[in-house]
Amino acid sequence: MDFNDVRSKSSVLHVFPFNSEKKRGGVAVQVSDTGVHIHWKGAAELVLSSCKSWLSLDGSVQPMGAQKRNEYKKSIEDMAKSSLRCVAFAYCQCDIEKIPKEDIADWKLPEEDLTLLGIVGIKDPCRPGVRSAVQLCKNAGVKVRMVTGDNIETAKAIALECGILDANGVISEPFVIEGKAFREMSEIARGEIADKITVMGRSSPNDKLLLVQALKRKGHVVAVTGDGTNDAPALHEADIGLAMGMSGTEVAKESSDIIILDDDFTSVVKVVRWGRSVYANIQKFIQFQLTVNVAALVINVIAAVSSGDVPLNAVELLWVNLIMDTLGALALATEPPTDNLMKRQPVGRREPLVTNIMWRNLFVQAIYQIAILLIFNFSGKKILRLQNESPDNAEKMKNTFIFNTFVFCQIFNEFNARKPEERNVFKGVTKNHLFMGIVCVTTVFQILIVEFLGKFFKIVRLNWSLWLVSVAIGVVSYFT
């Protein structure tokens, strides 16, 4: 066949675009002065159900008997089990007199009594890395569900290929279900099986929306990927909508929260990884900031109430605040994501930002700092052997020592805050150059403040023994 020659001898009268509800698209083509063919293309088993005849190899039209229909159904099932997407082509003839002369745009194309032309299986292979990405999601406690318009057998085969379904697991209802069956259930029944559904085949866009709503009512945090205009309601309803940047429509992109530029599922794993990293970094900074605030507040309040004087003056607290807010935020909030983040379970919708482990770390660290520094505040002159100094100089040395020790406690506490739930807080620290740089800058500035900016901070220089004791107390804070 010369395609261009055949195409030039026919004219398109009306087009019925592919409809996700009917799973087919059609076109009316005038092939002669009196003859019009209505061609349909779509989901193989649905188009086959509308066929009353089939076209044989010699060009003759044969009636569609029960045996022949079962042969075609078997062929569709075999292709579907091989993860092929089955598409059928069929047509019917229409008299030109039956075509409306006006308002042809509203003409409903005949879709029954079709003649089957052929069935093809299209292979849409999984992208490289999808199977490992799905496994990473499973390890991270993220359940991946597949909602597709494909034949249920094709959906199962593709899900097995990419690891969404386990070959040794249950591959039947309600884990694998058709959209029509899910759609016809009551709201209560949908809610009961929503957790179990892993694959939904032959689904409509509304089925995806119903599944999202059912999962949200159960308290789950739901993310949805989509690319078509029909996916917009589900993308908008989900907690996180992820639209495809390359194949996605503008409507889908506008309804989503995140656009995946490369249309690759492995990028979804990056979204999860970085999302968890940001959340974890916020928790680290909050733990660090609360520890500094609680310790500084309690030390100054107790000292002020008991003696009328405070060991940490306003300028010193400003420097501590700079360490805590600006430098601390930069050091802790820029921690890169680690593999351990993808081994944690997801954070629940109602779980507190400050966890029990964070409260434990916070109180243990704060109590240690408060206890040590208050002891030095009330008995520091004796412990540090400053009796030979003048009263004014001894008081200044004691307060300088408390300030210096407090700062070094925060420096080492930054290492603790890096990994609140792990013992080895130094793991991977050298890879974070910004963190190491901020710790070094803070240490250098503290040395300069104590040794050269005493008049501005109203402090005095410390001898090497007091420096060693300050650093040692800070190092011990790492072990608390």
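Domain bounds in these legends come from an automatic or database domain assignment. The model is predicted: local features need pLDDT of at least 70, side-chain atom pairs count only at pLDDT 80 or more, and totals for chains, interfaces and linings use all residues. Residues are numbered from 1 along each chain as its sequence is written, and side-chain values use heavy atoms, with hydrogens and water left out.

**View 1. Division of the chain into domains.** The chain comprises domain 1 (3–123), domain 2 (130–268) and domain 3 (276–479). Between the C-alpha centres of domain 1 and domain 2 the distance is 30 Å.

**View 2. The interface of domain 1 and domain 2.** Contact (heavy atoms within 4.5 Å) involves 15 residues of domain 1 and 13 residues of domain 2. The buried area, that is, the accessible area (1.4 Å probe) that two parts lose on being put together, summed over both, is about 1000 Å², with 47% given by carbon and sulfur atoms. Lys23, Ser83 and Arg85 lose the most area on the domain 1 side, together 37% of what that side buries.

View 3. Salt bridges (a side-chain nitrogen of Lys or Arg within 4 Å of a carboxyl oxygen of Asp or Glu) number 3 between domain 1 and domain 2. The side chains of Lys123 and Glu161 form a salt bridge at 3.4 Å, N to O. Polar contacts are pairs of N or O atoms within 3.5 Å; within protein, one must be able to donate a hydrogen and the other to accept it, and residues adjacent in sequence count only if both atoms are side-chain atoms. Across this interface, 7 residue pairs are in polar contact, both residues at pLDDT 80 or more. Helix 2 (44–49), helix 3 (66–81) and strand 6 (84–95) each give two or more residues to the side of domain 1 that touches domain 2.

View 4. Helices (H or I, at least four residues) and strands (E, at least two) are DSSP runs, numbered from the N terminus; two strands pair if DSSP finds at least two bridges between them. Strand 4 (residues 51–55) runs parallel to strand 7 (residues 114–123), with 3 bridges, and Ser53 has Thr115 as its bridge partner. Strand 6 and strand 7 run antiparallel, joined by 8 bridges; here Ala88 is partnered with Ile119.

View 5. Strand 9 is joined to strand 10 (residues 199–201) by 3 bridges, and Val176 stands opposite Val199.
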